[in-house]
Protein chains: 2
Amino acid sequence: MRDVAVIGVGINKWGELWEHSLRNIFVDAALKAIDDAGVDHVDSMYVGCMTSGLFVGQEHLSSLFTDYMGLNPIPATRVESACASGGVAFRSAIMEVASGMSDVVLAGGVEKMNDLDGGGVTFALATASDQEYEAYNGITFPGLYALMARAHMEKYGTTREQLAHVAVKNHANGVLNPDAQFPMKITVDTVLNSVEVADPLRLMDCSPVTDGAAALIVCPLDMASKFSKATPVRVAASTMGTDTIALHSRSDLTFLNSTATAAEKAYAMAGVGPRDIDVTEVHDCFTIAEICVTEALGYFEKGQGGAAAEAGATARDGEFPVNPSGGLKSKGHPVGATGVAQVVEIVKQLRGDAGERQIKGVKRGLTQNMGGTGGSSVVHILEAV
Amino acid sequence: MRDVAVIGVGINKWGELWEHSLRNIFVDAALKAIDDAGVDHVDSMYVGCMTSGLFVGQEHLSSLFTDYMGLNPIPATRVESACASGGVAFRSAIMEVASGMSDVVLAGGVEKMNDLDGGGVTFALATASDQEYEAYNGITFPGLYALMARAHMEKYGTTREQLAHVAVKNHANGVLNPDAQFPMKITVDTVLNSVEVADPLRLMDCSPVTDGAAALIVCPLDMASKFSKATPVRVAASTMGTDTIALHSRSDLTFLNSTATAAEKAYAMAGVGPRDIDVTEVHDCFTIAEICVTEALGYFEKGQGGAAAEAGATARDGEFPVNPSGGLKSKGHPVGATGVAQVVEIVKQLRGDAGERQIKGVKRGLTQNMGGTGGSSVVHILEAV
């Protein structure tokens with residue numbers, strides 16, 4: 001297996017993109033990644049997208065995007081693992097390059113969510129849960145994550161304010177990200193006074209509905225300098241784990257087994273431990289998610305993720321800077337694009353290209369992208385060369 | 001890259017499976033493949049499915065199926081390329097084994113289509129076309145393939161009766177397949193007298209709406225004998241091509257560029273030509289499709305596919321036996337499962353396990369699976385060891 005590098009990144013301003021269609025949004029990000037990489041061809045493409053069939057009545061993205069990028073007849077594959085689709089696209093591209101089958105592979109992610117009304121979006125997202133046992137009985141994702149939050153509060157004494165601190169920190173980071181959907185500063189009171197969605201979660205605990213795309217170009221590490229003038233970033237680990245799709249099937253609602261499994265394998269693959277990670281992007285679809293994820297990654301003891309967030313351990317100047325991009329909460333969460341955008345942020349941080357939100361002296365970063373309530377998780381570790 | 005073998009196949013009786021859910025259908029076929037292969041573990045899984053979100057409100061099949069097979073926390077990926085999703089799942093599994101990343105990988109395909117009414121099914125399938133330029137303006141797949149048929153008739157003199165011969169031959173084969181949805185003998189008159197769907201195509205030119213699944217186990221060729229008592233079947237080539245998603249963007253409506261590209265690469269990879277293929281499964285979603293595909297594969301000159309079908313060249317005792325399983329027309333077409341089921345049939349033929357429909361002396365087989373009107377195509381060549 002060959003060493004793989006990321007040599008190009010592309011992302012667009014996320015939000016409610018009423019004047020753009022699914023194909024425009026994707027092609028825009030993909031062309032930026034191609035320009036950034038300086039490649040003159042693409043051998044193959046992976047697209048992460050959760051449910052464009054439900055959101056905009058369009059599947060068959062392999063053909064649509066190669067067509068609209070002028071890349072026919074190259075092979076292209078759309079991959080889906082709910083909100084972890086983007087991470088899976090990146091992982092698939094890495095595998096294709098590592099295997100020697102292709103040299104220059106594009107991994108992109110996209111979702112256009114705002115074309116549906118609120119009920120439509122809620123139904124589309126609920127297809128990531130167990131349709132027959134969860135969605136059919138009326139529970140949707142805010143409710144599922146509310147159960148996880150309540151269980152965490154009961155078991156470990158996590159407080160309502162600690163949840164709020166995750167949102168406050170991520171919005172503070174998002175203010176420094178020109179591509180973020182909601183780059184506004186908020187306080188703990190903003191969260192506590194926002195409308196209740198599913199007790200104990202309030203509106204400002206939830207990531208928004210977003211249109212957006214992101215893209216990456218990967219190639220063998222030993223070819224990176226042939227194409228790109230930018231510092232190549234090496235892929236040190238790429239792993240995936242799964243768990244039961246239904247939350248009620250788990251022995252512990254507060255622990256993300258799929259993330260813990262993927263992280264354990266990733267640390268082994270990269271030959272590092274949690275303390276060697278300088279910067280991290282995680283899947284904060286709800287504030288409680290970031291708390292559970294930082295525990296599953298081994299950054300904090302089980303039950304200590306809330307206290308750590310409150311103490312500033314995950315702030316940009318903390319021990320474990322988490323979501324310098326603003327995370328899903330502030331940057332936005334076009335579900336299929338999120339896993340790819342996390343890698344875009346880590347690559348920018350490792351290159352020293354993260355502008356005002358740059359964290360100093362970072363050499364190694366980690367991304368964690370997850371589907372459903374953690375039914376699937378993808379973890380990557382990236383290193384500056 | 002390591003040589004890869006198929007060591008297990010599983011399929012269930014296809015049709016209107018009202019008493020079974022998406023998960024049951026998939027797990028049944030997957031467990032049969034695992035039993036057939038004799039493996040005691042699975043390292044990773046790929047699932048081809050076109051649009052379970054629209055058909056049954058369920059995405060996130062990676063988590064659902066690993067969960068219901070007791071395989072958590074192994075990695076799993078759902079792939080989609082419209083009706084070529086199954087072929088892409090097989091190709092992804094091959095790549096993962098060839099790369100050395102995993103040893104035992106399951107590639108499955110599934111679709112549960114009958115839960116929607118006719119209009120719902122038509123909408124769901126139309127997401128494989130260009131939503132903004134084709135589907136939105138009211139043309140659906142029977143209409144698109146009717147345009148291809150009319151163009152073929154105008155350009156080459158292909159007759160209405162020649163189209164019918166494809167259906168007659170595939171139903172004659174399907175009679176010998178106990179898993180086929182419509183195993184009944186028909187005549188040219190049956191086709192010509194069936195209800196008109198989109199001129200010149202009639203009901204009996206069209207593949208049906210089907211619930212079903214199929215699964216394969218792949219491993220490195222040099223490990224095949226460790227697991228399976230059955231004759232291993234070697235993967236000699238695995239390729240994919242894409243074309244414009246919209247039919248109107250092509251310079252020639254009658255020629256399938258994506259299939260021709262994939263076939264050309266596949267022949268080069270396997271070191272063979274069309275005349276070296278003993279048995280073939282192709283994507284006969286409509287009768288005209290089989291005619292265009294046999295031309296794109298190089299079995300017949302451009303424009304001669306219809307005459308060849310009429311002359312019996314694609315019958316089980318013809319020069320190029322095509323769709324001994326009954327094809328999509330008689331066996332059924334659960335869209336995400338089709339590409340996998342094609343490989344199941346070729347493996348059975350190469351093992352000599354195809355029962356009454358066994359073609360004698362076959363050493364090498366080819367599968368061609370396609371999305372939309374050929375916006376994507378996947379080709380595999382398999383060889384008896």
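Reader: In which sense do E1(A) and strand E7 of chain A pair, and over how many bridges?
Author: E1(A) pairs with strand E7 (residues 211–220) in the antiparallel sense, over seven bridges. Strands (E, at least two residues) and helices (H or I, at least four) are DSSP runs numbered from the N terminus, and two strands pair if DSSP finds at least two bridges between them. This is a predicted model, in which local features need pLDDT of at least 70, side-chain atom pairs count only at pLDDT 80 or more, and totals for chains, interfaces and linings use all residues. Residues are numbered from 1 along each chain as its sequence is written, chains are lettered from A and ligands numbered from 1 in the order in which they are written, and side-chain values use heavy atoms, with hydrogens and water left out.

Reader: How confident is the predictor in chain A?
Author: The mean pLDDT (confidence in each residue, from 0 to 100) of chain A is 97, and 100% of its residues reach 70 or more. For the complex, the predictor gives an ipTM of 0.96 and a pTM of 0.98.

Reader: Back to E1(A). Which residue stands opposite A:Val9?
Author: A:Leu216 in E7(A). E1(A) is also joined to strand E8 (residues 233–242) by two bridges, again antiparallel, and there A:Val6 stands opposite A:Val233.

Reader: Is strand E1 mostly covered or mostly open?
Author: Mostly covered: eight of its eight residues, 4–11, are buried. Buried means under 20% relative accessible area, exposed over 50%, and partly exposed in between (1.4 Å probe, protein chains only).

Reader: New topic. What area do domain 1 and domain 2 of chain A bury between them?
Author: About 2,600 Å², 67% of it on carbon and sulfur atoms. Buried area is the accessible area (1.4 Å probe) that two parts lose on being put together, summed over both. In domain 1, A:Trp14, A:Arg91 and A:Val233 lose the most area to domain 2, together 24% of what that side buries.

Reader: How many salt bridges are there between those domains?
Author: One. The term needs a side-chain nitrogen of Lys or Arg within 4 Å of a carboxyl oxygen of Asp or Glu.

Reader: And how many between chain B and chain A?
Author: Six. B:Glu80 and A:Arg78 meet in a salt bridge at 2.9 Å, N to O.

Reader: What area is buried between chain B and chain A?
Author: About 4,500 Å², with 52% from carbon and sulfur atoms. In chain B, B:His60, B:Glu80 and B:Thr242 lose the most area to chain A, together 15% of what that side buries.
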